[in-house]
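Subject: Structure for you to look at

Hello,

Here is the structure I said I would pass on. Please have it open while you read the notes below.

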Amino acid sequence: MARPAYLVLENGKSFEGQYFGAEGEITGEIVFTTGMTGYLETLTDPGYCGQIILQTFPLIGNYGIIPEDFESTNIEARAYIVKEACEKPSNFRCEGSLGDYFKEKGIIGLCGIDTRALTRITRENGVMNGKITSRPPADSDIAEAKAYTITNPIMQVSPKGITKVANGGNRRIAMLDFGAKRGISRELERRGCDVWSFPHDSSVEEIMKIDPHAIMLSNGPGDPAAPGNQVIVDTIKELIKTDLTIFGICVGHQLLARAHGYETKKLKFGHRGSNQPVKDMETGRVYMTSQNHGYEVVPNGKSAFVNNNDGTCEGLDYGKSFSVQFHPGAGPLDTGFLFDRFMEKI
C-alpha cells in the first residue's frame, strides 16, 4: 500500500497524496506542463533541472518506460507530480512501469492530489516553490520552500568534456551544450552533420579547433540573466564576430539575444508542453511546438515568431543567424524545417 505524502507550497497551501517511486523529502520550484503524452521526453529534458514537474493531464505512465524515447541519460527534475500514475502500462516497447523506474533511479513521485487545483494556483499566482514530505507540513517546511533557489543549473547539466555526439559526415557543427536534448544532434545528423558537444564554459579558441561550419546553442535550464551565465554571453559575442551561422534554441535563443543586447525577464508561469501554438510573423502560419521555459526575450524590434496565447517573443532573425524559443524536431514535427533553414544559411 502506498505511503501518504504531502506537498506544501511556499504560500502555506498543502495537498495530501501518496508516494509512487522513491520516497523521501525534496524541495523545488513547481512548474506545470500541459502535454497529454511525451512524459518520457519531459522527464529526461535537462531543462527541468531544479524543478518539480506537475503534469496537468490526469493519467501518466500508461505506456511505461521506453528508453529509446529519452532525451538524455538522467532525470534532472527534483520530483514528479501526477493525478494518477498508471501501475500496469501497456505498450509493445514498454520496459517497465514509471513507478519502478523512479524507485531504481531514486526519483520521488507524488500522485493522488488535485493537480487541477494546484495548476490553477500556479497559473493565478505565478510559479512558486514547494516541498514534498512524508508528514503533515509544518512551518519549517514552508520556510524551507520559500528559501529554495535554483543555483547555476546550466553548470549542473552541461557536459564536463568535449564529445562527438553525431556522425553525419558533411558539415561540422560545434554545439555549446547547456543541457541539450538528444533530438538536436539527431536532427543535425539526419542532415549530414558531425556534431561536437562543448561544455558551457568552453572558450572560442577551444571551439574553433574543430574548424566548425556553424554554431548551435542548445536548450537548457534557468535564468539567462543569472550572473553565472555572463561568461557564456561573452563567449557568444565573440562567436558572433567569427561570422559563422549561429542557431539558438530555448535558453540558447535567450543567451544569443542577450549577446545582441536584448533583455530577458521571467514569465508568470512559463510555457511547458508539446502543444504550444506559435505564429510565423512573415507567413501568418501557426505551428504547434514543444516548449519548456520560464523566461522570455523582450524584443526591441520585430519578432520572427510570437506565442499565439500571450504574444511573447518566440524567435528572432539576425540575418545570417537566428534563434527560436521552442524546440524544433521535438514532440510536434511542425517546425523541423528550421534545421533545413540552418543548413541553407550555412
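Helices (H or I, at least four residues) and strands (E, at least two) are DSSP runs, numbered from the N terminus. By that rule the protein has 10 helices and 19 strands. This is a predicted model, in which local features need pLDDT of at least 70 and side-chain atom pairs count only at pLDDT 80 or more, while totals for chains, interfaces and linings use all residues. Residues are numbered from 1 along each chain as its sequence is written, and side-chain values use heavy atoms, without hydrogens and water.

Overall form. The C-alpha trace spans about 60 × 45 × 40 Å along its principal axes. Buried means under 20% relative accessible area, exposed over 50%, and partly exposed in between (1.4 Å probe, protein chains only). Of the 346 residues, 55% count as buried. A contact means heavy atoms within 4.5 Å. Among contacts between residues at least 6 apart in sequence, 74% join residues at least 24 apart.

Strand E3 covers residues 26–33, and eight of its eight residues are buried. Two strands pair if DSSP finds at least two bridges between them. Which strands pair with E3? Strand E9 (residues 128–133) runs antiparallel to E3 and is joined to it by five bridges; there, Ile132 is the bridge partner of Ile26. Strand E4 (residues 51–55) pairs with E3 in the parallel sense, also over five bridges, and Val31 stands opposite Ile53 in E4.

Regards
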